[in-house]
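I opened the model today to look a few things up. These are my notes, in the order I took them.

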Amino acid sequence: MTSQHGFFVTGTDTGVGKTAVALGLMHHLQVQGDRVAGMKPVASGCEPAPSGLRNADALQLLRQSSVAMEYALINPYAFAPAIAPHIAAQQAGVRIELDTILSAYAQIAGQVDRVVVEGVGGWQVPLNERDTLADLARKLELPVILVVGMRLGCLNHALLSAAAISHAGLQLAGWVANRLPPEPDCVEENINTLESRLSAPLLGIVPVLDTPGASETAEHLAV
Ligand SMILES: Nc1ncnc2c1ncn2[C@@H]1O[C@H](COP(=O)(O)OP(=O)(O)OP(=O)(O)O)[C@@H](O)[C@H]1O
Ligand SMILES: [Mg+2]
């Protein structure tokens with residue numbers, strides 16, 4: 001597996017801005033001249049469409065991709081209920097196989113300069129009875145970007161995630177402070193606290209945006 005071919009975007013939790021930052025990162029890399037594809041290997045919370053289940057995150061990543069890709073390649077595991085992926089898979093009679101994801105990734109990576117892979121939920125989400133998202137990230141050998149949703153509780157989530165990423169032997173390429181509405185008190189102080197405690201660089205502070213689209217988010221990222 002090629003390393004340094006892209007990024008693995010994880011977050012402190014679900015709903016913290018992984019997709020928003022992944023889209024911004026794709027845009028940022030595209031402006032630098034790279035051909036970029038997005039991938040959401042595992043998605044629960046999908047809607048039925050004529051050609052199969054479709055996930056909103058995967059569709060956005062697909063639209064932002066520089067090269068047209070088959071949906072099933074960028075989202076090999078799609079499940080309807082918005083529940084933990086390994087439970088959704090079990091209910092669908094499917095086992096999430098890391099090798100299937102690795103082979104889809106390799107096919108995507110062969111067509112572009114960079115692949116931005118969005119995780120699901122947080123860092124240590126179970127994917128089957130044995131593997132977690134961390135195992136997938138380790139096999140992909142991609143540098144990790146941690147999106148910290150600046151909410152109350154994020155210091156603990158961010159520090160635990162960074163420790164687990166390092167424990168998995170992966171490089172935390174950096175973290176992004178995403179200022180989500182409604183903002184709690186002391187956001188700046190929390191950002192300063194994380195800056196002093198995380199050894200990885202702060203890649204950007206994304207403010208509360210009216211439209212958190214790819215170009216709007218990209219403006220606040222320095223990768
Ligand atoms: N900086 C921001 N300003 C305003 N709204 C934001 C910002 N970042 C994200 N949002 C909004 O917050 C919601 C959650 O963001 P997003 O979907 O990117 O999170 P996620 O971590 O990818 O969630 P999931 O776990 O479902 O994949 C979305 O409605 C998004 O538009
Ligand atoms: Mg998302």
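**Overall form.** I am working with a predicted model. I then checked the extent of the C-alpha trace, which spans about 45 × 40 × 35 Å along its principal axes. Next came the radius of gyration. A compact globule with 223 residues would have a value near 17 Å, and the protein has 16 Å, so the two agree. I also asked how much of the chain is buried: 45% of the 223 residues count as such. Residues 24 or more positions apart account for 75% of them.

**Ligand 1.** Which residues are closest to ligand 1? I found T14, G17, K18, T19 and A20 to be the closest, in a shell of 18 residues.

**Strand β1.** Is β1 enclosed or open? I went through residues 6–11 and found six of the six buried, so the strand is largely enclosed by the rest of the structure. I wanted to see both faces. In a regular strand, side chains alternate between the two faces of the sheet. On one side I list G6, F8 and T10, and on the other F7, V9 and G11; all are buried, and both faces of β1 are covered.

I then traced the neighbours of β1. Four bridges join β1 to β7, residues 114–118, and the two strands run parallel. Four bridges also join β1 to β8, residues 144–149, again in parallel. The bridge partner of F8 in β7 is V117, and in β8 the partner is V144.

**Strands β9 and β10.** I moved on to β9 and looked for its pairing with β10, residues 202–206. Four bridges join the two, and they run parallel. V176 has G204 as its bridge partner in β10. I followed the chain from β9 through α8 to β10, and this β-α-β crossover is right-handed.

What joins P181 and P182? I found a cis peptide bond, with omega about -10°. P182 is in the loop between β9 (172–178) and α8 (187–197).

C186 lies in that loop between β9 and α8 too. Its phi is near 65°, a positive value in a residue other than glycine. Is C186 buried or exposed? I counted 12 other C-beta atoms within 10 Å, and the cut-off for exposed is 12 or fewer, so C186 is exposed.

E141 is another entry. I read a positive phi of about 60° for E141, which is not a glycine. I placed E141 in the loop between α6 (133–140) and β8. E141 has 16 other C-beta atoms within 10 Å, so I logged this residue as partly exposed.

Conventions:
Residues numbered from 1 in each chain as written. Chains lettered and ligands numbered in written order. Predicted model: local features only at pLDDT ≥ 70, side-chain atom pairs only at ≥ 80, totals over all residues. Near = placed C-beta within 6 Å. Rg over C-alpha atoms; globule rule 2.2 N^0.38 Å. Buried ≥ 20, exposed ≤ 12 C-beta atoms within 10 Å, placed from the backbone. Contact = placed C-beta atoms within 7 Å. Pairing = 2+ DSSP bridges. Right-handed = clockwise from strand over helix to strand, strands pointing away.
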